[in-house]
Protein chains: 2
Amino acid sequence: MAVVGVSADEEKPGNRFLRAIRAFGFEGELYPVNPDENEILGLKTYPSVRDIPAPVDLVYISSPARSVPQVIEDCVAKGVRAVEIFTAGFSEASEEGRRLEQEIVRLAKGKLRIIGPNCFGVYCPRGALTLLPGANYPSESGNIAIIAQSGGLVDQLIPAATGHGLRFSKIVSYGNACDLNEVDFLEYLASDPETRVIAAYLEGVKDGKRFFQVAKSLLDKKPLIIWKGGLTESGKVAVNSHTGSLGGEQAVWEAFHKQTGAVMVDGAEEFLDTTALFYHFPRVRGRRVGVVGGGGAVGVATSDICERVGLKIPTAPPRIQEQLRALLPPNGTSFKNPVDMGSPLPPPSVFQKVLEILLSGDIIDTLIIDRIFFYGGLQPMGVPAADAEKRMEVLLDIERRTGKPMLAVLQEPAPDTENIDMEVSRRKVRRRFLQAGIFVLPSLDRAVRTLSNICLYYEKASLNHRESNHEP
Amino acid sequence: MAVVGVSADEEKPGNRFLRAIRAFGFEGELYPVNPDENEILGLKTYPSVRDIPAPVDLVYISSPARSVPQVIEDCVAKGVRAVEIFTAGFSEASEEGRRLEQEIVRLAKGKLRIIGPNCFGVYCPRGALTLLPGANYPSESGNIAIIAQSGGLVDQLIPAATGHGLRFSKIVSYGNACDLNEVDFLEYLASDPETRVIAAYLEGVKDGKRFFQVAKSLLDKKPLIIWKGGLTESGKVAVNSHTGSLGGEQAVWEAFHKQTGAVMVDGAEEFLDTTALFYHFPRVRGRRVGVVGGGGAVGVATSDICERVGLKIPTAPPRIQEQLRALLPPNGTSFKNPVDMGSPLPPPSVFQKVLEILLSGDIIDTLIIDRIFFYGGLQPMGVPAADAEKRMEVLLDIERRTGKPMLAVLQEPAPDTENIDMEVSRRKVRRRFLQAGIFVLPSLDRAVRTLSNICLYYEKASLNHRESNHEP
């Protein structure tokens, strides 16, 4: 791999990229290119790509925009097949930039493929490839792929994703998409055996028809989550100055969603939450939600919010209500579903029986646990502290035995600087749950919105499956 | 203060309450009442309220429901003026409970006032009063009041609120509201000099007309935030079994909002975020938002989300754009507003000038800062780590000099258990910002939604003010 435009200045992007990819553990040869230096970071440096005395598979370009056409010519001459262009200042910036971009497309056509310009490139842990700021990104692979027109967004998502326990197959930041674009990446990932879930942040789409076809073919095979930026008037202006893309119409994307089943989300939080839930959850069979909570307004809040997003909270049949009534205190509790145990600190044995009873009838498809304390520091006086861990073990055990998809709300307990121990405990519990496939979010709002997204997807997928098999 | 129904069993509510209020630092005399014990927790115990050999101001009742009418009679005989009834099992539970509740109302009428039943009671740090689980609630007062039909909700909100730097004047959990209800509390808080912002979680409203009048009189005096539970069909069922209340109609509450200016929110997160922003922010003059961010899709995301909730992002005039253009790199940046500095790690001096330039024209009412790093641990190689703190000082200084309302998005950086140091840093920066009146939220979505809530409120308040002064 060659890196064109590496300065000896440690603050410049080429230098930073070279150090990042070495720190990340790239195992191939690295060739810095800079006509004014002989050696950078201890590596022999070449005046141009043509001068490198070995085959080059990939070239990372961070030299100034006006120099890029010459670099592309050098790459073609050298037989390079692919380049990533970090450099900005092309169609997103000015008319002159637009002409430069057309020029490099012309030079590359039929000879090499371009990712970018104005992008961060590819993060692919299996190939030990990383982006400019990504020296510390996880080195293990997972089965989520992200395509994102914004590289900065990727750098925002990856650290946050590690908290959800996520790992990735490939992430592509592709900027202006002058050659390879979102459809190419989507098509590649559709058939990539390493990828099971695909999430895309798009500003513009170059070939709507093909994009639609590939997206449609993914339904019931790999969930596709799309955050489309620039659907409002102000957003369109911002998109244009960010990657030179055209925004798009809300109505078009709603129709796209209806016909492809792709999950449309708004904003970084919902984008990541939804992707993470697909990663951790098995296929969800329907919209029927069971809720077990511990007091507060948990029953009311869950009911209101589930109904607003189209989830169902079926009333438990009399047999289940009677069994719960025999087990729980008569007051401050509710047995109908939502099941309100009256306190976030129920005795572990009671918690276990409540879960077993609620899951004994086939009345729900997923289970939400809200406002039950699974870690210490929140026990009031008189409640055994060890019970918290026992409640966690109870939930893990029930999940193992029933395989029921479960989502636990673990609120930031007291997010003050002094109480950092509780935050540590919360993260430990979260990790245990995530490892077991129990999804965790910090608020009920986010949990329900995310669950609704994946329920609607699987419903659409099943319908599609039945239609294509001519089943009733 | 007497506590009726205190068992020697440390897990029972009466005992827990007694210990909580002592631990919280209540300074008056405490009289446990229990006919079967002589001493509980080292305090002399009385067979009934009548037997206490001193005046009693307030009685906390946690004895079984069927015993409560007798306790009320004893209180009346003793000349007690107010009781809090923790005990549940009244109108929310059964027909028999409903009759019991009517009985205690009849016994108390004209003689003493009741909070509850089925409630946690009052938290009032100035009076050293706290709720059952609230031994560790903050002992300092603030100027926010909460009225909440659900006590468990209060116990969920208070710890979370400390992370927002909030402190409270009074919090009332009032359950079934058989005597004193939401209107009484609202009326009291309207004229309470200690209270500046009022937030209410309501399940039902007993006297709609009076509630409307009091709410309307608050406009432009004290912001009123309302989370109304039970507006959906499932929610209605849940409120009925929670506090025996009637849910309500969405349309009625929309009209209520239009006519009173009360801010309507959904869910615990928006409830607390909005209350906190009113607490920290000065009066906001309008909907015009300036955004300064550091790369990623910050410009696009902010533009889309602001437009969706009705906020305006005015394009900076040419003079400002030119000054920014002279200062920032030409590529990967944007000068129009949102101002994208291209990187979350701008040099502090550049960050300062950008803020000064953007604020130099009177084009915005509030400023959102997103994706700028204010603490260490996120610097890639080649960027001075001390710059993070300098950027924080720059923002604090600009806020001091301009008084412009500011909202900073501080994302959870890498919420994995191993990276807890970064979380500690984040909370320290948050605290510095909150102390200076710069509001902080962990995501852009929440920041914009919250800002929109308070902008609409102040707009309504100004309109009302002009109307009542016959100004044009």
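Biologist: What share of the 472 residues in chain A is buried?

Modeller: Keep in mind that this is a predicted model, where local features need pLDDT of at least 70, side-chain atom pairs count only at pLDDT 80 or more, and totals for chains, interfaces and linings use all residues. Residues are numbered from 1 along each chain as its sequence is written, chains are lettered from A and ligands numbered from 1 in the order in which they are written, and side-chain values use heavy atoms, with hydrogens and water left out. Buried means under 20% relative accessible area, with exposed over 50% and partly exposed in between (1.4 Å probe, protein chains only). For chain A's 472 residues, the buried share is 62%.

Biologist: How many helices and strands are there in chain A?

Modeller: Both are DSSP runs numbered from the N terminus: helices are H or I with at least four residues, strands are E with at least two. Chain A has 15 helices and 18 strands.

Biologist: How many disulfides are there over all chains?

Modeller: A disulfide is a pair of cysteine sulfur atoms within 2.5 Å. Take Cys306(A): its nearest cysteine sulfur, on Cys455(A), is 9.3 Å away. Over in chain B, Cys178(B) has its nearest cysteine sulfur on Cys119(B), 9.3 Å away. Over all chains, the disulfide count is zero.

Biologist: Is Cys178(B) buried or exposed?

Modeller: Its relative accessibility is 16%. So Cys178(B) counts as buried.

Biologist: Are H5(B) and H6(B) roughly parallel or roughly antiparallel?

Modeller: Axes are lines fitted to C-alpha atoms, for helices over the stretch in contact, and angles run from 0 to 180 degrees between N-to-C directions. Here H5 (residues 182–190) and H6 (residues 208–218) of chain B have axes that come within 9 Å and cross at roughly 20°. Angles under 35 degrees count as roughly parallel, over 145 as roughly antiparallel, 65 to 115 as roughly perpendicular and the rest as oblique. H5(B) and H6(B) are therefore roughly parallel.

Biologist: By class, which residues make the contact of H5(B) with H6(B)?

Modeller: Contact means heavy atoms within 4.5 Å. H5(B) brings residues including Val183(B), Leu186(B) and Glu187(B), while those from H6(B) include Arg210(B), Phe211(B) and Val214(B). Ala, Val, Leu, Ile, Met, Phe, Trp, Tyr, Cys and Pro count as nonpolar, Asp, Glu, Lys and Arg as charged, and the others, Gly among them, as polar. The tally is seven nonpolar, no polar and four charged residues.

Biologist: Where is Leu345(B) found?

Modeller: Leu345(B) counts as buried, at 11% relative accessibility. In chain B, Leu345(B) sits in the loop between strand S15 (339–340) and helix H12 (348–360).
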